[in-house]
Structures are given as C-alpha cells and as structure tokens.
Amino acid sequence: MTTLATKHPGELTLRRFLAEETLDAETTAHLHSCSECAARIGKFKEEQRSFEAEVPFERFAAGVEKSARVLKKKPTGSLPVILMALAACFVAFFAGREVLEEVRGGNRIKGGASVDFVIAGASGQRPAANEVEQLATGERVRIGVSGGKHVLALSIDEGGEVSTIYAQPLSAEGQTWLPDSLEFTGRGREYVLEVLSDAPIATEGVTAQLRAHFKASGGDLSKLGDLEVPGVQVHRTFLKP
Amino acid sequence: MRPALQVIDGGKTTGRAWLQSLYVKYGSAVYGRCRFILRDGSLAEDAMQDVFARALLNEGSFRAEASPLTWLMKIATHHCLNVIRAAGAGWRDEYAAMQVVRGEGHGGTQAMEARDLVRKSLRQFDLETQQAVIHYWVDELTLEEVAVVLDRSVPPNRKRLRAIADATGQTLAGESS
C-alpha cells in the first residue's frame, strides 16, 4: 500500500478514498480510524479548496472542452490510437438504426450473442463482413452487440500498442450500438477484439494476454488466436487508409 | 429514401454536470501532479485540461475504470513527462510550496527528501522509468501496483526503480540498503 516506512496507505490510496472510490475492506477500516491519515486527507481537502479558488470551474470546463475539440481534430503520437468521435460527428456518417440493421456485418455466436461491425464514410456505409477490412480515408467503424451483459473491446496495432475502446455493462435488451463511431489514426493494421461476457472482465488481464499473444505471434496480427477469457470473443482487422 | 441524419441510441452522456463531478473529485489531484512535474502553474493548467479532455473523449471506458483517479494520474504523469521532453526542458530542482505541504504527511521530511532526490535524478532515465518513479515515490504505490498501472511485469519495474534508488541512496520497500 505504501513504499514508505509506515503501514499507512499511500498517497494515491488516500486520494482515492477522498474521491469515494472503492477500496478493500482492510484499508477502508484503517482510514476510518486513523488520525494521521485523516490529517493527511484533510490536507488534500484543503488542496482542493485552493484549487477551486485558483481555477474556477467555468474556466476549467471551457479549457477542457476546448482541449477536447483540439484533440479530436489533431491527434498526436501521444494520443490514444483510436479517436472516439462524438455522436454529433457520427450522425453525418450513419443514416440511422434501420440502415444499420440492414448493413451490419455480424458474427452470430452461440447463446444468441452477436457482434456487428458497420463501416461508414463519405461514400456510404457497409457491413464489415470480412476478417480483414480496408478502410478509406474518413471512414469510421461502429460496433453493435447483443446477448451479453458486459462488453470489453480492445484494439492492438502493428506496433503492439493496446488501447481500451469499451469496457462497460450492457443494460439494454437486444441490440446495443456502443457509443460513438471509431476512427483509427496512424497507418497499418488495427486488430479490434470484442469480448461479450456475463460478468465484468479485468481489462488489465486481457490487455496482458493480448500483448503476450502478439509477442508469441512475432507481431503478426493475423496469428493472435483466441485469448483465455470467459465469454465469447469476436475480432476484426482494419487496414487503415 | 431513408433519413440521412438520424441518431442511434447510445450517444454521449457527457455534459457540464459530469465534468463538474470530475472537477470536484479529481481536480486538485491532477492539477497537483501536473504542477509537480511541470513546475509552472500555467503549463500545469493546460496539461490538466488535456488530461480531462481525454477522459471526456473516452467517457465510456473511463467510466468503467475500477479507479478513475489512477487512470487520470497515469495519463497526467505520462502527458506531463512528454511535455517536458517535447520542450527539451531540464528537470527543475526547486521545491514549490505545494511539495512542502506534501512532505508534512506520513514520512514527513524523510519522504519529502526522497521525492526530491529521485526527482532530481529523473532526467537521467527514460520515460517509462520516470513514470514508474513518480507512481512509486509520489503516489506511494507498491511495486506490484506500479506494474499494473504501467501494464508491465514487476521485475523490470523493480530493476528500473532500484537503479533510481541506487543513484539517490534510497531503498525499495522490502529491500535492505
């Protein structure tokens, strides 16, 4: 919990406690009874008050929204590989649920689960029905799922860089189109893996497996094979324009 | 002909209310991290905005994080270290008042000195080592927790951190000096 010569939780854990994140029972019990930790948490509260005085919320929000607009337009090497496009952009490329229902390129899985990939761009939209799909400039991908309670979507590029796209519960019955369309930045191939499961799956574990498979395959995205994860998995490889 | 502009269910739920909850819960922690690394209030505010913008753009996966704060601090650390590298700036040695306050917590002066020493030595090391150092000595994560945050196994992280510890006369938890 801490690297210092003490049994007290470390700084990040204290801050997580202050932010009301879930901690293990032992740590939580300690933090409810330790005056030293309480004093330290008190300093973090004071930091927050100073922060709010120094950076008012309106300035903060305006700056964040401006930064988000810039990041969307000009992804750099340090940005996530995948740009999550806003719904507002999405509407310009996808013609609606009915069309998506027609064009989806799906995988039907035992138990009624399914994963559908749809590609759309200036020239219209089409199902991503093939194992490997070439994307044209400006084309985006949207993913629809059904039949699972949780979805985890990751991607890995030719450099072995893994990105988490979605990790969320599925509350709706039937088909759920995951938020936003995806635009892949950079060049080369992008391997997208969807895992549908009845319970949440730790992203870190799947990420580690994906990296291990990538290494074992010699960096060949076509030879990654299935991972050892509960639930069903579907993948597509996209050739970026 | 089908309608050309029809939104499908599942769009962003992001709004100012969500942003405000992030501001209240995590604002000072992220801003503090950016100031700690960049040593400049204006640069730190810009960097902080970039970090929260990434949360905004990755709302779905961000909401699913077991620890949103850990995610934010990881992104903030990586981003700020890259800002320094991009600017070709050296690592500054002075302590800001914020770090004095920081040092008054557990570990007191001793912890503050450890952070100071390792920070002064950071410029000698690669980006990933710098990240590991900050998560270990500033966030006070264990070796195992640092490995999880950086998506790496424990041994290489231990090796990296031992190099820093050796250079600064520190010890790693569970190891004798």
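Trainee: Which residue of β12(A) is the bridge partner of A:Val132?

Mentor: In β12(A) that partner is A:Thr237. Before going on, note that this is a predicted model, in which local features need pLDDT of at least 70 and side-chain atom pairs count only at pLDDT 80 or more, while totals for chains, interfaces and linings use all residues. Residues are numbered from 1 along each chain as its sequence is written, chains are lettered from A and ligands numbered from 1 in the order in which they are written, and side-chain values use heavy atoms, with hydrogens and water left out.

Trainee: Why are β5(A) and β8(A) said to stand at the edges of their sheet?

Mentor: The open sheet has five strands in the order β5-β12-β11-β7-β8 (chain A), with mixed pairing. β5(A), residues 132-134, and β8(A), residues 162-169, each have a single partner strand, so one side of each is left without a neighbour in the sheet. From one strand to the next the twist averages 20°.

Trainee: Which helix lies across β7(A), β8(A) and β11(A), and what is its angle to β7(A)?

Mentor: Helix α7(A), residues 203-216, lies across these three strands and runs at about 35° to β7(A), where axes are lines fitted to C-alpha atoms, for helices over the stretch in contact (heavy atoms within 4.5 Å), and angles run from 0 to 180 degrees between N-to-C directions.

Trainee: Why is strand β6(A) called mostly covered?

Mentor: Seven of its seven residues are buried, and buried means under 20% relative accessible area, against over 50% for exposed and partly exposed in between (1.4 Å probe, protein chains only). In a regular strand the side chains alternate between the two faces of the sheet. In β6(A) both faces are covered, with A:Arg140, A:Arg142, A:Gly144 and A:Ser146 on one side and A:Val141, A:Ile143 and A:Val145 on the other.

Trainee: Which strands pair with β6(A)?

Mentor: Seven bridges join β3(A), residues 114-121, to β6(A) in an antiparallel arrangement, with A:Val145 as the bridge partner of A:Val115. β9(A), residues 176-177, also pairs with β6(A) in the antiparallel sense, over two bridges, and there A:Thr176 is the partner of A:Val145.

Trainee: How do you know that A:Phe60 belongs to a nonpolar core?

Mentor: A nonpolar core is a set of buried Ala, Val, Leu, Ile, Met, Phe, Trp, Tyr and Cys residues joined through side-chain atoms within 4.5 Å. A:Phe60 is a phenylalanine at 0% relative accessibility, so it counts as buried, and it is among the residues that touch the most other members of the largest core, which has 59 residues. Of the helices that supply this core, α1(B) gives the most, with 12 residues.

Trainee: Why is the pair of A:Phe51 and B:Tyr23 called tilted?

Mentor: Rings of Phe, Tyr and Trp (its six-membered ring) pair if their centres lie within 6.5 Å, and planes under 30 degrees apart count as stacked, over 60 as edge-to-face and the rest as tilted. The search finds 10 aromatic pairs over all chains. This one has 5.2 Å centre to centre and 45° between the planes, which makes it tilted, and it crosses between chains, from helix α3(A) to helix α1(B). A:Phe51 is buried, with a relative accessible area of 2%, and B:Tyr23 counts as buried at 3%. The rings of A:Phe60 and B:Tyr23 are tilted too, with their centres 4.9 Å apart and their planes at 50°. A:Phe60 lies in helix α4(A) and B:Tyr23 in helix α1(B), so this pair joins two chains.

Trainee: What makes the phi of B:Glu140 worth a remark?

Mentor: Most residues other than glycine have a negative phi, and most peptide bonds are trans. B:Glu140, in the loop between α7 and α8 of chain B, has a positive phi of about 60° although it is not a glycine. At 1% relative accessibility, B:Glu140 counts as buried.

Definitions and conventions:
Pairing = 2+ DSSP bridges. Helix = DSSP H or I, 4+ residues; strand = E, 2+ residues; numbered from the N terminus.
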